[in-house]
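This report goes through one protein model by region, and the sequence and structure are shown below for reference.

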Amino acid sequence: MSELHFDDLILPGWPAPSWVLAASTTRRGGVSQPPYDSLNLAIHVGDASLHVAENRRRLAAVAGYPSEPAWLQQVHGNSVVAAETVIDPVAADAAWTRRSGKPCVVMTADCLPILLCDRAGTVVAAVHAGWRGLANGVITATVQQMKVPPMELMAWLGPAIGPTAFEVGEEVRAAFLTLDRANTHFFQPSPDGRWLADIYGLARLQLRRLFVTAIYGGHSCTFRDAERFFSYRRDNHTGRMASLIWLA
């Protein structure tokens with residue numbers, strides 16, 4: 001059994017105000033047993049509930065947030081909820097808040113977590129952006145809910161599957177080319193006749209189309225780094241990491 005340390009968390013490298021607090025977990029520092037080893041934070045993947053509860057307790061103690069995060073029932077859609085309204089998990093893929101002390105959170109294991117805040121530090125959001133969510137407009141829906149000029153926002157792209165590992169079919173490429181012909185740059189042929197998709201590139205373009213130009217992160221690959229990250233594509237039966245953001 002390993003201990004969770006602050007150094008096990010990934011902190012966004014962005015110029016957010018000091019009272020905007022954010023972190024993304026790795027798989028290190030929890031009590032869950034294989035294949036969920038060790039800091040699995042999801043209750044829906046088959047892990048023992050007592051292990052998940054202890055992992056969440058450890059995360060709260062190390063990260064230091066004052067209230068329970070707004071855990072979501074993620075469905076790869078574009079629904080966005082106010083974090084302070086979430087008591088039990090609700091079907092949504094993003095949460096936002098202006099309230100201090102209430103963390104927005106999304107869970108991932110290859111999908112892209114996106115954290116957002118404005119330069120003034122008045123509003124924050126967390127987005128679960130798999131390819132379906134991106135195609136369904138979850139980023140746009142979240143930015144609209146934040147109700148600040150998009151050029152005042154900054155975004156951090158957390159750990160996700162990288163462009164050399166995310167193999168998709170023609171239907172995925174076609175869906176994104178229908179949305180924006182510029183998305184063709186983010187698909188490269190794979191050796192077996194399918195496509196390698198750059199989910200980071202797809203998200204960056206969507207953010208820029210919304211005039212969110214201060215974009216950070218987006219350099220990890222959950223699939224390639226088995227020591228640090230869970231990956232559904234790699235392992236199928238596995239745990240989930242969390243990306244959180246809140247106002248102090």
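## A strand pair within the sheet

In this model, which is predicted, Asp118 has Leu153 of strand E9 as its bridge partner. The two strands concerned, E7 (residues 112–118) and E9 (residues 153–157), pair in the antiparallel sense over 5 bridges.

This pair belongs to an open sheet of 6 strands, arranged in the order E3-E5-E8-E7-E9-E13 with mixed pairing. Strand E3 (80–82) and strand E13 (214–217) stand at the edges with a single partner strand each, so one side of each has no neighbour in the sheet. On average, and with direction ignored, neighbouring strands of this sheet are turned by 20° against each other.

## Helices on the sheet

Helix H3 (residues 138–146) packs on the sheet, where it touches E3, strand E5 (94–97), E7, strand E8 (124–129) and E9, and the direction of H3 makes about 170° with that of E8. Helix H5 (residues 199–209), in turn, lies across E7, E8, E9 and E13 and runs at about 30° to E7.

Just after the helix, Phe211 takes a positive phi of about 75°.

Thr26 is found in the loop that joins strand E1 (20–24) to helix H1 (49–63). Its relative accessibility is 2%, and Thr26 therefore counts as buried, the cut-off being under 20%.

The side chain of Thr26 has polar contacts with backbone atoms: one of its polar atoms lies 3.4 Å from the backbone oxygen of Asp8, and the side chain also reaches the backbone nitrogen of Arg28 at 3.1 Å. When residues up to four places away in sequence are not counted, Thr26 touches Asp8, Ile10, Leu39, Arg228, Phe229 and Met241.

## The largest pocket

The largest pocket has a volume of about 630 Å³. It is lined by 29 residues, of which His76, Cys111, His128, Tyr232 and Arg240 are the closest to its centre.

Several elements give two or more residues to this lining, namely strand E2 (72–73), strand E6 (104–108), helix H2 (131–135), helix H4 (170–179) and helix H6 (232–235).

Conventions:
Residues are numbered from 1 along each chain as its sequence is written. This is a predicted model: local features need pLDDT of at least 70, side-chain atom pairs count only at pLDDT 80 or more; totals for chains, interfaces and linings use all residues. Side-chain values use heavy atoms; hydrogens and water are left out. Helices (H or I, at least four residues) and strands (E, at least two) are DSSP runs, numbered from the N terminus. Buried means under 20% relative accessible area, exposed over 50%, partly exposed in between (1.4 Å probe, protein chains only). A polar contact is a pair of N or O atoms within 3.5 Å; within protein, one must be able to donate a hydrogen and the other to accept it, and residues adjacent in sequence count only if both atoms are side-chain atoms. Contact means heavy atoms within 4.5 Å. Two strands pair if DSSP finds at least two bridges between them. Axes are lines fitted to C-alpha atoms, for helices over the stretch in contact, and angles run from 0 to 180 degrees between N-to-C directions. On a 1 Å grid over the protein atoms alone, a cavity is a set of points where a 1.4 Å probe fits but cannot get out, and a pocket is an open set with protein on both sides within 12 Å along at least five of seven lines; lining residues have an atom within 4 Å of a point. Grid points are joined across faces, edges and corners, and a volume is the space filled by probe spheres set on the points.
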